[in-house]
Amino acid sequence: MSTIMMWLLFAVVVILIVFGSVMYKRKFTVRELAMIGVMAALSLIAYDFFRIPFMGGSSFHLGNTFTALTALLLDGVSGGLAGAIGLALADILAGDPGYAVTTFILKFIIGIVCGAVAHKAFKLKTLNPKENKGAYLAKVIVSAASGLLVNVITDPFIGYFRNVFIFGQDYTVAQALSKIAGGVTFVNSLVSTLCAVILYLALRPALEKAKLIGKDSEK
């Protein structure tokens, strides 16, 4: 696939996901937009400065941490957009629009899954961290891990089709690279889960006190 077609495909993916996000979320507050921007920037920084590349485009990095963290602090759509924007931008700056297409999709999935588990299943925003600390910690860990571990499956799966249909790789080569990507992504997910949980436990009380998240932030 030509570079122009890659850019066009990326533009279509971005437009569809952003349009769907706006329709679902209806509106974003100024505080939410600011936090999404900050988390997108942190995703980019964590990717660029804490990255170990592997064969076939896979890499160990901490960028996914902030996708999960934003989903825990705000919601799945916000988390998905933060990770998708920050990490797709990292691919674009590296001159890889083909990777940016799948990155935008994959990070959005991480955010949506983390947000659904955290706020639909566990109602994390309504829980008091000081009550039943063990159960609270378990729910935070499961929430963060959910989207990141789903990424262990979706990353090599979508990456396989990217390598074959966008990059034109041979099927056997793409399959081998997908297996490598799965292993690297699994390690990424474990480390990112740990980082996201630690940051969430530290930041939630401070951000609520500052009225940047929670019910008071909407006033």
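Me: Apart from its neighbours within four places in sequence, which residues is Y200 in contact with?

Reply: Contact means heavy atoms within 4.5 Å. By that rule, and leaving aside neighbours within four places in sequence, Y200 is in contact with L69, L72, L73, L124, Y136, V140 and P205.

Me: What should I know about the model and the numbering?

Reply: The model is predicted, so local features need pLDDT of at least 70 and side-chain atom pairs count only at pLDDT 80 or more, while totals for chains, interfaces and linings use all residues. Residues are numbered from 1 along each chain as its sequence is written, and side-chain values use heavy atoms, with hydrogens and water left out.

Me: Which residues touch the most other members of the largest nonpolar core?

Reply: Start with the general idea. In soluble globular proteins, nonpolar side chains tend to be buried together. A nonpolar core here is a set of buried Ala, Val, Leu, Ile, Met, Phe, Trp, Tyr and Cys residues joined through side-chain atoms within 4.5 Å. Buried means under 20% relative accessible area, exposed means over 50%, and partly exposed lies in between (1.4 Å probe, protein chains only). In this model the largest core has 39 residues, and F104 and Y200 touch the most other members. The elements giving two or more residues to this core are α1 (3–25), α2, α3, α4, α5, α6 and α7. The largest share, seven residues, comes from α5.

Me: How are those elements defined?

Reply: They are DSSP runs, numbered from the N terminus: helices are H or I with at least four residues, strands are E with at least two.

Me: How many residues of α3 are buried?

Reply: 10 of its 10 residues are buried, so α3 counts as mostly covered by the under-20% rule. Among them are F66, L69, L72 and L73. The buried residues of α3 pack against α2 (30–49), α4, α5, α6 and α7 (171–209).

Me: How do I read the packing of α3 with α4?

Reply: Look at axes and angles. Axes are lines fitted to C-alpha atoms, for helices over the stretch in contact, and angles run from 0 to 180 degrees between N-to-C directions. Angles under 35 degrees count as roughly parallel, over 145 as roughly antiparallel, 65 to 115 as roughly perpendicular, and the rest as oblique. Helix α3 (residues 64–73) packs on helix α4 (residues 76–93) at about 160 degrees, with the axes 7 Å apart. That makes α3 roughly antiparallel to α4.

Me: Which residues meet there?

Reply: N64, T67, T70 and A71 in α3 meet G76, S78, G79, A82, G83 and L87 in α4. For classes, Ala, Val, Leu, Ile, Met, Phe, Trp, Tyr, Cys and Pro count as nonpolar, Asp, Glu, Lys and Arg as charged, and the others, Gly among them, as polar. The contact of α3 with α4 has three nonpolar, seven polar and no charged residues.

Me: What is the angle between α3 and α7?

Reply: The angle is about 40 degrees, and the axes are 9 Å apart. α3 and α7 are therefore oblique to each other. The contact is made by N64, T65, F66, A68, L69, L72 and L73 of α3 and S192, C195, A196, L199, Y200, L203, R204 and L207 of α7. By class, that contact has 11 nonpolar, three polar and one charged residues.

Me: And how do α2 and α4 pack?

Reply: Their axes come within 8 Å and cross at roughly 45 degrees. α2 and α4 are therefore oblique to each other. The contact residues include I36, M39 and Y47 of α2 and L81, I85 and L89 of α4. By class, the contact of α2 with α4 has 12 nonpolar, four polar and two charged residues.

Me: Is T103 buried or exposed?

Reply: At 11% relative accessibility, T103 counts as buried. T103 is in helix α5. Not counting residues up to four places away in sequence, T103 touches L87, A88 and D91.

Me: Where is K123 found?

Reply: K123 is in the loop between α5 (97–121) and α6 (133–166). K123 has a positive phi of about 50 degrees, although it is not a glycine. K123 is partly exposed, with a relative accessible area of 44%. N132 lies in the loop between α5 and α6 too. Phi of N132 is near 50 degrees, a positive value in a residue other than glycine. At 57% relative accessibility, N132 counts as exposed.
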